[in-house]
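I opened this notebook to keep track of what I looked up, beginning with a pocket and then turning to the parts of the chain around it.

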Amino acid sequence: MKSESVVIIGAGIIGLNVALVLAEQGHASQTTIVAEHLPGDTSINYTSPWAGANFSALSASDKNALRWDQLGYKHLLKLAAQDGIKAFVRETPSTEYWDEMPSRTKLDSMASYLKDYKEIPQQDLPEGVACGVKFTTVTLNAPMHIRYLIQRLRQQYGVRVIRKKVSSVTSGFLSKDTKVVFNCTGNAARTLQGVEDPQCYPTRGQILLAKATHIDQNVMRHGKDYETYIIPRPHSKGNVILGGYMQKGVDLPDTLGDETESILSRTKAMLPELESPDTEILAAFAGLRPSREGGARVDSEVVQIHDSDRKGLVVHNYGAGGTGFQAGYGMAVDAVGCALGELKNLQVIKSSL
């Protein structure tokens with residue numbers, strides 16, 4: 001079967017997870033990833049390398065988000081246990097606080113599957129905090145993890161990768177053999193011809209990369225209009241991510257000095273151990289989370305292929321906002337599920353060869 005039977009547009013964490021799920025289901029040799037940016041690149045238009053990244057309670061409380069979180073957590077725990085050093089993934093103790101009480105649905109869902117989960121007694125909460133929990137999270141070294149994924153996809157599974165910018169979603173139909181295109185274009189879904197989703201918008205974040213070998217815990221505080229977080233970067237010789245910001249609709253690529261000072265002030269107040277001569281600020285970075293009103297889009301549609309009399313299946317998988325690393329695997333399971341009909345046909349053809 002042709003390697004372009006299944007095409008994935010985009011090589012961020014969302015597209016890479018779709019490729020991984022396809023590979024696990026036996027479709028690697030039929031799959032091609034097409035992307036303008038690949039792991040190892042840096043660009044304000046390529047979000048994944050700038051992520052914290054961890055599993056956190058940042059996600060929404062709707063049914064899909066809760067299910068994606070659970071699938072993602074189980075996948076990342078397994079990866080940490082089986083290939084943690086190579087995958088740059090590690091279990092890490094975590095404390096999370098909310099200034100406003102989260103939904104009971106959210107807390108009950110977390111309690112049902114998170115390792116070592118417990119709610120912090122009210123009298124032990126910092127001032128201004130309505131709720132707090134402790135559990136074992138999974139932290140990821142974002143730029144190294146996506147490099148691990150694409151190397152694994154290429155070397156272990158034989159997935160084909162092409163560096164190319166596509167102008168329209170139907171450009172993903174590389175040949176007459178292409179049956180399914182997965183649209184994993186993140187922020188570009190707002191302008192990509194054939195998608196042009198007006199519900200998409202960037203959410204800017206600024207983070208600091210610090211050297212702090214003495215910090216070995218994940219701490220987050222979810223405010224009404226801010227996020228503060230401390231995320232140790234696994235297998236990085238003691239690097240830590242300090243953040244941050246959630247600026248809806250802002251696409252500024254610059255880093256700002258006053259935001260750096262705010263991040264330092266907030267993170268040190270949250271974890272006083274950062275106030276140490278052993279903490280060294282290495283750099284500031286900005287990234288644009290691919291957000292979407294109403295949450296991520298995972299669905300399919302049949303489209304007319306440009307300059308052709310045939311139709312093809314497009315599966316949309318974008319709009320994860322700041323949850324791509326934790327929910328991406330769960331979203332990929334659903335996205336691949338949207339294409340089961342076409343994929344089964346490919347399997348039948350494959351098995352008859």
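**Entry 1, the pocket lining.** I am working from a predicted model, and I started with the make-up of the lining of the second largest pocket, whose residues divide into 15 nonpolar, 14 polar and nine charged. The lining consists of 38 residues, and those that lie nearest the centre of the pocket are L58, S59, A60, M246 and T323. I then looked up which elements give two or more residues to this lining, and I found α2 (63–87), β8 (200–211), β13 (280–292) and α6 (324–337). The element that gives the most is α2, with four residues. For the volume of this second largest pocket I noted about 900 Å³.

How do the axes of α2 and α6 cross? I found that they come within 7 Å and cross at roughly 105 degrees. An angle of 65 to 115 degrees counts as roughly perpendicular, and α2 and α6 are therefore roughly perpendicular to each other. On the side of α2 the contact is made by R67, W68, D69, L71, G72, Y73, H75 and L76, and on the side of α6 by F325, Q326, A327, Y329, G330, M331 and D334. I sorted the residues of this contact by type, and they divide into eight nonpolar, four polar and three charged.

In the UniProt record, an unreviewed entry, I found the annotation "domain: FAD dependent oxidoreductase", which covers residues 6–332. Over residues 6–332 I noted that the chain is 26% helix and 30% strand, and that the end C-alpha atoms are 14 Å apart.

Key: Residues numbered from 1 in each chain as written. Predicted model: local features only at pLDDT ≥ 70, side-chain atom pairs only at ≥ 80, totals over all residues. Heavy atoms only, no water. 1 Å grid on protein atoms, 1.4 Å probe; cavity = no way out; pocket = protein on both sides within 12 Å on 5 of 7 lines; lining within 4 Å. Points joined across faces, edges and corners; volume = space filled by probe spheres on them. Nonpolar A, V, L, I, M, F, W, Y, C, P; charged D, E, K, R; others polar. UniProt positions renumbered as here; feature names shortened; annotations may be inferred. Axes fitted to C-alpha atoms, helices over the stretch in contact; angles between N-to-C directions. Parallel < 35°, antiparallel > 145°, perpendicular 65-115°, else oblique. Contact = heavy atoms within 4.5 Å.
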